Amino acid sequence: MLFATTLPAVDYLTQDEALKLAFPDSTLIEPFAGEPTAEQLDQVAKRAKSRAQGKGPRAWVARTRDRLDGVALIDHVIGRTEYITFLCALDASGRIRRLEVMAYRESQGGEVRNRRFLEQFTGKGSDDPLRRGREITNIGGATLSVDALTERTRYLLDYHAVVLAPAISVAPAHPPAVAPIQVSPQPGARVTQRAAAIGNSALTIRIDHDGSDSACRDAESCADAALALAGERDAVLN
């Protein structure tokens, strides 16, 4: 079991930073425009064996040209008395590729954003059980937040299976209704950027270059190496 300490309320990631962190190599991330029906929401609640809290999640679809990379869901759930804002990124098969706590507003239990805890969710799908004390290790002093995050993630997996996956698989390619988020260098770009949650904040690495193929490769290699080194140091300090 992990143990929690008292921490200040912190906003760790913005929406754009979280989406870029979830799908760093995708060329396009566009909002999902569909709306679930009441019947679908009832079906999701029955599958997840829980009631939805507040509004449904906001969803984005990540693509690289004609390939579906996955879906990003940003949602809120009440931990003890305050909302936890978090990102649940799923791969094209509907399994979790990354979970990130974007904002934690309680004074205690912020350890739910640590990689050691969040990586327990990686690879889980709608057909997998998610239970505190079994598949998900509890954090002493943060049990309510662990329960809330685990239960809501279970809900999001079923929400994707019932609402998003069928719609995305049949939806024709079309221009997004709102401006998409471009997340990788376009031809002639002079900036290479990487972002990650490090420590109690978001680390962004930006490298300016002339946009040539060799410069792009060098910049990407340097940015990835710097991000990996920062992650190693973060793991040691935590």
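Modeller: Leaving out neighbours within four places in sequence, Ala 48 is in contact with Arg 154, Tyr 155 and Asp 158, where contact means heavy atoms within 4.5 Å. Keep in mind that this is a predicted model, in which local features need pLDDT of at least 70 and side-chain atom pairs count only at pLDDT 80 or more, while totals for chains, interfaces and linings use all residues. Residues are numbered from 1 along each chain as its sequence is written, and side-chain values use heavy atoms, with hydrogens and water left out.

Back to our spot. Ala 48 sits in helix H2, residues 38-48; helices here are DSSP runs of H or I with at least four residues, strands are runs of E with at least two, and both are numbered from the N terminus. Ala 48 has a relative accessible area of 9%, so it counts as buried (under 20%; exposed is over 50%, partly exposed in between, using a 1.4 Å probe and protein chains only). Leu 156 is 108 residues away from Ala 48 in sequence, yet their C-alpha atoms are 8.6 Å apart.

Now zoom out. The chain has five helices and 10 strands, and 43% of its 238 residues count as buried. Among contacts with a separation of 6 or more, 63% link residues 24 or more positions apart.

The largest nonpolar core has 50 residues, and Leu 87, Val 112, Phe 117, Leu 149 and Leu 164 touch the most other members. Such a core is a set of buried Ala, Val, Leu, Ile, Met, Phe, Trp, Tyr and Cys residues joined through side-chain atoms within 4.5 Å. H2, the helix of Ala 48, is among the elements that each supply at least two residues of this core, but the largest share, 11 residues, comes from H4.

Let's also visit strand S7, residues 96-104: seven of its nine residues are buried, so it is largely enclosed by the rest of the structure. S7 runs antiparallel to S6 (residues 83-91), with seven bridges between them, and antiparallel to S2 (residues 10-11), with two bridges; strands pair if DSSP finds at least two bridges between them. Leu 90 stands opposite Ile 96 of S7, while Val 10 has Tyr 104 of S7 as its bridge partner. The hairpin of S6 and S7 has four residues between the strands, and Gly 94 there takes a positive phi near 90°.
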